[in-house]
Amino acid sequence: MRKPEKIIPIILAAGSSPNLPFPKALAPFESQTALEIAVSNCSFLGPSVVVLGSDAKRILPTVPKPSQIVINRRWPQGQLSSLLAALRKIKNAAFLIYPVDHPLLTRNTLMQLVRAFRSRSASQHIVMPRYKGAYGHPVIVSATVRSEFFEAQTAREVIYRIPQRIRVVNLRTSSILEDFNTLESYEKCLRKLAARKR
């Protein structure tokens, strides 16, 4: 039995939100923000690394403790720049990549992915969720793959490079696909969250 590998959650919250009246991290979902939902979902793994960029000063005071905050001043260069900013703080651990704009994810879904990661075969280094044939987030990556991100143009390039090293986890929830970029998609997420509580 392999010794459980430490998994550090990386919450990517550095991008701008030009089509929303608030930064994505501060998007309200009932009594919590998108960032609070993400940090809470990951808390069973320990403190998250939260990457901020656009609107960092506005978001900073709201980051739940005991998160580690990383400011990515290169955030306009895209999501990979934020992931690299976090990976510079993480040396010998696996990491879970969690975009902040997935508010319908639950702790149970994350726990399923973590169990799959901890029971994967020796040749598998990435765990990825899938719903009805579509791949989503979050993705868990072993420490052995870390260095490849520093040589890549995009994170996708690394993740999909060698299909044989991916362990796919088929899930029965579309939450792994559901993000928001506009008021319309934000409101759709709100409605789905409300329907779940009924």
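Let's start with a word you'll need: two residues are in contact when they have heavy atoms within 4.5 Å of each other. Keep in mind that this is a predicted model, where local features need pLDDT of at least 70, side-chain atom pairs count only at pLDDT 80 or more, and totals for chains, interfaces and linings use all residues. Residues are numbered from 1 along each chain as its sequence is written, and side-chain values use heavy atoms, with hydrogens and water left out.

Now try the contact idea on S185. This residue lies in helix 7 (residues 183-197); helices here are DSSP runs of H or I with at least four residues, strands are runs of E with at least two, and both are numbered from the N terminus. If we set aside neighbours within four places in sequence, S185 is in contact with D179 and F180. Is S185 buried or exposed? Its relative accessible area is 19%, so S185 is buried. The cut-offs are these: buried means under 20% relative accessible area, exposed means over 50%, and partly exposed is in between (1.4 Å probe, protein chains only).

A pair of aromatic rings is described by the distance of the centres and the angle of the planes. Rings of Phe, Tyr and Trp (its six-membered ring) pair if their centres lie within 6.5 Å; planes under 30 degrees apart are stacked, over 60 edge-to-face, and the rest tilted. The structure has 6 aromatic pairs. In one of them, F180 and Y186 sit 5.9 Å centre to centre with 55 degrees between the planes, a tilted pair. F180 is buried at a relative accessible area of 0%, and Y186 is buried too, at 8%. Ring pairs also join F22, F29, F180 and Y186 into a cluster.

Next come the charges. Side chains of opposite charge can pair when their charged atoms come close. We call it a salt bridge when a side-chain nitrogen of Lys or Arg is within 4 Å of a carboxyl oxygen of Asp or Glu, and the whole structure has 6 of them. One joins E5 and R120, with 2.9 Å from N to O. That pair ties together distant parts of the chain, 115 residues apart: E5 is in the segment before strand 1 (7-13), while R120 is in the loop between helix 4 (107-118) and strand 7 (126-131). Both E5 and R120 are buried.

Which residues are linked in a network of salt bridges? They are E148, E157, R161 and R165. Within it, R161 meets E148 at 2.8 Å, N to O, and R161 also bridges to E157, with the closest N and O atoms 3.1 Å apart. R161 is partly exposed at 39% relative accessible area, and E157 is partly exposed at 31%.

Finally, look at helix 1 (residues 34-42). Why is this helix largely enclosed by the rest of the structure? Because 7 of its 9 residues are buried; the buried residues are A34, L35, I37, A38, V39, N41 and C42.
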